[in-house]
Every structure is written in C-alpha cells, then in structure tokens.
There are 2 protein chains.
Amino acid sequence: MNALLIVAHGSRRKASNQEVCQLTELLEKQDHLFDHVACAFLELCTPSIPNGLLQAIEKGATQIVVFPYFLSAGRHVVEDIPAEIAKVSLLHPQINIQLSQYLGASPDINALMLKQAKLALKIE
Amino acid sequence: MNALLIVAHGSRRKASNQEVCQLTELLEKQDHLFDHVACAFLELCTPSIPNGLLQAIEKGATQIVVFPYFLSAGRHVVEDIPAEIAKVSLLHPQINIQLSQYLGASPDINALMLKQAKLALKIE
C-alpha cells in the first residue's frame, strides 16, 4: 500500500495550516497511485512528521512518499525533514520511505506562475 | 510596457535567494506577455519590493504584475506585500500595479504535486 505525506512547515496562523489540510483533501480525492494521502508539519502544528508517518504505517502503508511543500532547498528540506524521517525509519526499517523533490524544484512551476500572473494582467 | 515582479520572502541562505533569481531568469526567457521580468524580496535580500518596482518603472513599465512566490495567504501576502506596493503607488499613481494571486492559490498546484510525488514512488 502506497501513502503520500505532504509536509509543510507549519504556521502560527491557523488558516495557513488549514490551507495545507484542504489541499491534502483535494489531492486525496484525485486520481493517483496513492492509497492514502495525509499532511504533517515540521513545527507549530500537528501531526508531526513522525506521527504522520506512523499513522500511515498503522493504516497499512508499506511505501510512503514524503513530499516537502516548500519552495526552496533550505535547511528544513535538506536537513530537518530527513532527520524526522530517520526517526521512523529506525523504528520501522521494513517500511520504504522515499523523500520526493520539494515543490519549488518542479520543472513545471514556471508555467504555472506565468499562467497565474497573466490572470492579473489587464490587457488594454 | 508590462513588467512582472516575482516577490519572494528572502532568506539568510544565499542559495535560496539564488533559486528565486534563477527561476526569474528562466521565466524571462519564456514566451509570455511581459516585457520585463525581475524578482524582489520582502526581507533579508535585495532588491526590496519598492526598489524592484522602481527599477521596472525606470525601464519603462506602465503596468506591473506583482507575483507573491508564497505558499499560503499569511501576513506577508495579505498585509506586508500590499504595504510595500503602496509605497510606490503613492509616488507613481499613474503606474498600474496589480497584485497577482500567490503561488499556493493556483488551482494547478495539486496536479503539479502529484506529478512530482509520483517520480519518487517506486513501482514494484
């Protein structure tokens, strides 16, 4: 069973965390290869990354893709998220946990940005 | 003349700011309706948003779309970026400055995320 865990930074602002949860719900409903989709937060909101992973394992996941919902390859993406994953990998070495590239690394992001920016342009 | 100003938060980590600059260069080279594409930072890096706007105006921009390279509608997107734009609008009321929706609000972001996450999935 495949699971997808969207990992966001977490914010003091509840609405920002809710945006991530709503996006996760939308993703869950779409057609894809994941049997389970959930979100987790590096800090300031729950579930934590280890708890998100453990919940997926409890639901039967044998492979989990962790997707960093981050725009740049900062310390959070390069060090903190792998360190959180490692805590669970040590407990459950039989579970295949894969770290996806972070959002900002997507080669499609510039097309998406141009499409969004164009909507704000007033053609006269 | 239309200009696009990509606005990122700015980071203490130089590589993160460079990622934004590189993305901006990629955008500049693509086919779109903007005659000038540049980036600016809310804090921790230059140019500031007012300076980015002023540079676009110096280059002849009469309409500028400001694109918040942010994932959630936090204080930075809702208050800080509009406040920075307002400083320049007061000085140059004849320039049409439009604030685009932020990146995370794109309806296409979930398809992009699934595509990226799928690459990390090992199909057995």
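Colleague: In what order do the elements of chain A run from the N terminus on?
Modeller: They go β-α-β-α-β-α-β-α. Bear in mind that this is a predicted model.

Colleague: And how many helices and strands does chain A come to?
Modeller: Four helices and four strands.

Colleague: What box do the C-alpha atoms of chain A fill?
Modeller: Roughly 60 × 30 × 25 Å, taken along the principal axes.

Colleague: Now the sheet. What is the strand order in chain A?
Modeller: The order is E2-E1-E3-E4. It is an open sheet with parallel pairing.

Colleague: Which are the edge strands there?
Modeller: Strand E2 (36–41) and strand E4 (96–99) of chain A. Each pairs on one side only.

Colleague: How are neighbouring strands of this sheet turned against each other?
Modeller: By 25° on average, direction ignored.

Colleague: What joins E3 to E4 in chain A?
Modeller: Four bridges, between strands that run parallel. E3 covers residues 63–68 of chain A. To pick out a pair, A:Ile64 has A:Ile97 in E4(A) as its bridge partner.

Colleague: Which strands does H1(A) touch when it packs on the sheet?
Modeller: Strand E1 (2–8) and E2 of chain A. The direction of H1(A) makes about 165° with that of E2(A).

Colleague: And helix H3 of chain A, what does that touch?
Modeller: H3 (residues 75–91) packs on E1, E3 and E4 of chain A. Its direction makes about 175° with that of E4(A).

Colleague: Helix against helix, then. At what angle do H2(A) and H3(A) pack?
Modeller: About 45°, with the axes 8 Å apart. That makes H2(A) oblique to H3(A).

Colleague: Is the crossing of H2(A) and H3(A) left-handed or right-handed?
Modeller: Right-handed.

Colleague: Which residues meet there, H2(A) to H3(A)?
Modeller: From H2(A), you have A:Ile49, A:Pro50, A:Leu53, A:Leu54 and A:Ile57. They meet A:Ile81, A:Glu84, A:Ile85, A:Lys87 and A:Val88 in H3(A). By class, the contact has eight nonpolar, no polar and two charged residues.

Colleague: What is phi of A:Leu44?
Modeller: Near 70°. That is a positive value in a residue other than glycine. Most residues other than glycine have a negative phi.

Colleague: Where is A:Leu44 placed?
Modeller: In the loop between E2 and H2 of chain A.

Colleague: Which helix of chain A lies across E1, E3 and E4 of chain B?
Modeller: H4, residues 109–120 of chain A. H4 of chain A runs at about 135° to E3(B). Helix H2 (residues 49–58) of chain B packs on the sheet too, touching E1, E2, E3 and E4 of chain B. The direction of that H2 makes about 165° with that of E1(B).

Colleague: Within that chain B sheet, how many bridges pair E1 with E3?
Modeller: Six, in the parallel sense. B:Val7 stands opposite B:Pro68 in E3(B).

Colleague: At roughly what angle do H1 of chain A and H4 of chain B cross?
Modeller: At roughly 70°, and their axes come within 10 Å. H1(A) and H4(B) are therefore roughly perpendicular to each other. The crossing is right-handed.

Colleague: Which residues of H1(A) meet H4(B)?
Modeller: A:Leu23, A:Leu26 and A:Leu27. Across from them in H4(B) are B:Ile109, B:Asn110, B:Met113 and B:Leu114. The contact of H1(A) with H4(B) divides into six nonpolar, one polar and no charged residues.

Key. Residues numbered from 1 in each chain as written. Chains lettered and ligands numbered in written order. Predicted model: local features only at pLDDT ≥ 70, side-chain atom pairs only at ≥ 80, totals over all residues. Heavy atoms only, no water. Pairing = 2+ DSSP bridges. Helix = DSSP H or I, 4+ residues; strand = E, 2+ residues; numbered from the N terminus. Contact = heavy atoms within 4.5 Å. Axes fitted to C-alpha atoms, helices over the stretch in contact; angles between N-to-C directions. Parallel < 35°, antiparallel > 145°, perpendicular 65-115°, else oblique. Left-handed = near helix turned anticlockwise from the far one by under 90°. Nonpolar A, V, L, I, M, F, W, Y, C, P; charged D, E, K, R; others polar.
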